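Colleague: I would like to learn how to read aromatic ring pairs. Could you take me through them here?

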Amino acid sequence: MLIKGLMTGKRLFSRCAVILLGSLLCLMLSSVASQAAEVIGRLTAVAGRVDILRGGRLPAIAARKGDAVFEKDFVRTKSRSRAEIRFSDGNVIRIAPRSRIDVSEYAVKRDRRSFRLSRGRIEAVVTKATATSRSPRRFEISTPNAVAGVRGTWYFVYFDNNATGVSVKEGVVYVYNLQHPDQLIELPAGFST
């Protein structure tokens, strides 16, 4: 009986070891796959407390100048903190204090760059190549109630107290309310909405 119990215990131990090793192997492979993801930009400036949620998932990691940014990352700035992301194609996003930007999609080959600003304020400086592209959705920043897209090169977007604001410094930007996407307006330089 004792020998039979020992044999069952050894089999149980062997199965547990196989499951544990398999799980460890899967974890290592997923880590390698995430490291192999394409770097789409880098943090070129970090001041104060800034963190990144890789793929939008916790735990947040403290951001430092030079850190890589990947598609689906969230970048958050705390009070009295700022950050700047320079993307591989030359576009720049400057993130103001108490802001959160989600890099929803950044596919240069498909000419689609979309961000979600869930709170705070950002400044987008878009290259001429991106701004003059023929793609209708080449560079967009959405908030919970509006979308601002490029028809120019330099603009600001903020979201606070359920209000979205867009101010154009250079070029032309299109803006629409998410509940009325057919009512698109174009803002030239010097105008805000």
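Modeller: Start with the rule. Rings of Phe, Tyr and Trp (its six-membered ring) pair if their centres lie within 6.5 Å; planes under 30 degrees apart count as stacked, over 60 as edge-to-face and the rest as tilted. This is a predicted model: local features need pLDDT of at least 70, side-chain atom pairs count only at pLDDT 80 or more, while totals for chains, interfaces and linings use all residues. Residues are numbered from 1 along each chain as its sequence is written, and side-chain values use heavy atoms, leaving out hydrogens and water.

Colleague: How many aromatic pairs does the rule give?

Modeller: Four. Take F87 and F115: they form a tilted pair, 5.6 Å centre to centre with 55 degrees between the planes. The pair links distant parts of the chain, 28 residues apart: F87 lies in strand β6 (residues 82–87), F115 in strand β9. Strands (E, at least two residues) and helices (H or I, at least four) are DSSP runs, numbered from the N terminus.

Colleague: Are F87 and F115 buried or exposed?

Modeller: Both are buried. Buried means under 20% relative accessible area, exposed over 50%, partly exposed in between (1.4 Å probe, protein chains only). F115 has 2% relative accessibility.

Colleague: Why is the pair of F115 and F139 tilted?

Modeller: Because the planes are at 50 degrees, with the ring centres 5.2 Å apart. F139 sits in the loop between α2 (128–131) and β10 (140–142), 24 residues from F115. At 0% relative accessibility, F139 counts as buried.

Colleague: Which residues do ring pairs link into a cluster?

Modeller: F87, Y106, F115 and F139.
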